[in-house]
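Here's a quick briefing to read with the model open beside you. Have a look at the fold, then go through the points below.

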Amino acid sequence: MTVRAPHRSLRGIPAVAALLAIGAVGCSEVSDAVDSAKDTAKKAARQQSVYSLDIGECYNPNGKAEGTAYAVEVVPCDEAHTGQVVGEFTIDKGQKFPGDDEITAIADTRCPVEAQKFAPDTWALPKGAALFYYTPTQESWATGDRAVSCTYTAEKGKFSGTLETAKSLKPEQITYLKGSNAVYEALWANQPEKDTVEDDLAGYKAQAKAVAAALDAHVKGLAGIEGAEVGKLRSTLEKAAGNWKTAANAADADAFYIAYDPAFTGIDPNKSVAARKELGLATTVPADDAEVWAG
C-alpha cells in the first residue's frame with residue numbers, strides 16, 4: 001500500500017473558510033460555530049508537509065490514508081491519531097525516475113526493516129496497525145525528492161500513544177526479537193513465486209536455506225539468555241533448523257515435502273508464547289500469523 005507524497009502546503013486555508021462562515025447564525029449556534037472554528041484552526045496550524053515528517057511523529061492524514069498526499073496533521077502522540085512515522089530512508093537510484101513498481105518494491109523491502117528498529121516487537125502493535133509508506137512520485141522525483149517515510153497506520157479507527165519500544169527493551173529482549181524477526185523475514189522475503197514445489201524446487205530450497213541460517217543465528221542468540229522456557233524454545237528451534245536444512249538439501253519434491261512439514265510446524269509462533277511471557281514480551285500471536293499456522 002503506497003501513499004504518494006508530493007509537497008504542497010495547506011496551512012491556514014480551512015481555518016479562514018470556517019471563520020468567515022460564523023456571521024449569520026444565532027447565539028448558541030455562534031458558540032458551536034466558534035468551537036468548531038477553533039478546532040479547525042487548531043488542525044490547520046498543525047498542518048505539515050509530508051516532506052518534513054520525522055521519525056516518531058504522530059499524524060492524521062487529510063482524507064484517506066492511501067493515495068496522493070500533500071500534507072498531514074501532526075499531533076501529539078498521546079492524542080488519538082491514525083499513524084506514526086516509524087522509519088525513513090533515501091532511495092539512491094540516480095537521476096532517472098525508477099518507476100512506481102520499483103519504488104514500491106524498495107519500500108516493501110526496506111520499510112519492515114526500518115520499522116523494526118523503532119518497534120521491534122510486532123506482537124505489541126495495536127490491532128489493525130499496518131505498514132504504509134510515503135514515497136516519491138514522478139513529479140516530486142524531478143524536484144529532488146528521494147525520501148521514503150515508513151509509517152504504522154490504523155486501517156480502521158485510531159490509536160493513542162507512541163509505538164516506539166526499542167529504547168525501553170532490555171538487552172535479552174532485543175536479542176530475542178532480533179533473532180525471531182529475522183527468521184520470519186527470511187521465510188516471507190524468500191517466498192517463491194510458484195505455488196508448488198514441483199514448479200520451483202530450487203526456489204523453495206533457497207527459501208529453506210535462508211530460514212535455516214536465520215534459525216541458526218536465533219538459536220545461538222538464545223543460548224545467552226537464561227530461563228527454562230527460553231531453553232525449551234531453543235531446543236524446539238534447533239530441531240526446526242535441522243528440518244529446514246534437510247529441506248534445503250532435498251533431492252526432489254517428495255523429499256522436500258517430507259522435511260518441510262515438521263520444519264514449518266517447528267516455527268509456529270504459538271510455540272514461542274511461553275518464552276515470550278518469561279521475557280516480558282507481548283504474548284498474543286498476531287491475527288495474520290495465527291491464521292497462517294492454523295492451516
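Which helix is Ala 275 found in? The answer is helix H9. Keep in mind that this is a predicted model.

**Ala 275 and its surroundings**
- Ala 275 has a relative accessible area of 1%, and since anything under 20% counts as buried, this residue is buried.
- Leaving out residues up to four places away in sequence, Ala 275 touches Glu 229, Val 230 and Leu 233.
- Tyr 176 sits 99 residues from Ala 275 along the chain, yet their C-alpha atoms are separated by 9.6 Å.

**Helix H5**
- Tyr 176 shows up again here, as one of the buried residues of H5.
- What do the buried residues of H5 pack against? Their partners are H3, H6 (201-222), H7 (228-248), H8 (253-266), H9 (273-279) and H10.

**Helix H6**
- H6 has 22 residues and runs 31 Å from its first C-alpha to its last, close to the 32 Å expected at 1.5 Å a residue.
- The buried residues of H6 include Gly 203, Tyr 204, Gln 207, Ala 208, Val 211 and His 218.
- H5, H7 and H8 are among what covers the buried residues of H6.
- A handy reminder for reading such lists: an α-helix has 3.6 residues a turn, so residues three or four places apart point the same way.

**Disulfides**
- How many disulfides does the structure hold? There are two, and counting bonded cysteines along the chain they follow the pattern 1-2, 3-4.
- One of them joins Cys 58 to Cys 77, with an S to S distance of 2.0 Å.
- The torsion about the S-S bond of Cys 58 and Cys 77 is about 95°, which makes this disulfide right-handed.
- Cys 58 lies in strand E3 (58-61) and Cys 77 in the loop between strands E5 (71-75) and E6 (83-90), so the pair ties together parts that are 19 residues apart in sequence.
- Cys 58 and Cys 77 are both buried.
- Cys 111 and Cys 150 form a disulfide too, with their sulfur atoms 2.2 Å apart.
- The Cys 111 and Cys 150 link is left-handed, at -80° about the S-S bond.
- That pair links distant parts of the chain, 39 residues apart: Cys 111 is in helix H3 and Cys 150 in strand E8 (147-154).
- Buried or exposed? Both Cys 111 and Cys 150 are buried.

**The largest pocket**
- The largest pocket has a volume of about 1,200 Å³.
- It is lined by 32 residues, and the closest to its centre are Thr 122, Leu 125, Ala 129, Pro 286 and Asp 288.
- Which elements give two or more residues to the lining? They are helix H3 (100-118), strand E7 (129-135), helix H5 (171-189) and helix H10 (287-294).
- By residue type, the lining divides into 18 nonpolar, six polar and eight charged.

Technical notes: Residues numbered from 1 in each chain as written. Predicted model: local features only at pLDDT ≥ 70, side-chain atom pairs only at ≥ 80, totals over all residues. Heavy atoms only, no water. 1 Å grid on protein atoms, 1.4 Å probe; cavity = no way out; pocket = protein on both sides within 12 Å on 5 of 7 lines; lining within 4 Å. Points joined across faces, edges and corners; volume = space filled by probe spheres on them. Helix = DSSP H or I, 4+ residues; strand = E, 2+ residues; numbered from the N terminus. Nonpolar A, V, L, I, M, F, W, Y, C, P; charged D, E, K, R; others polar. Buried < 20%, exposed > 50% of the residue type's maximum accessible area, 1.4 Å probe, protein only. Contact = heavy atoms within 4.5 Å. Disulfide = S-S within 2.5 Å. Expected span 1.5 Å × (residues − 1).
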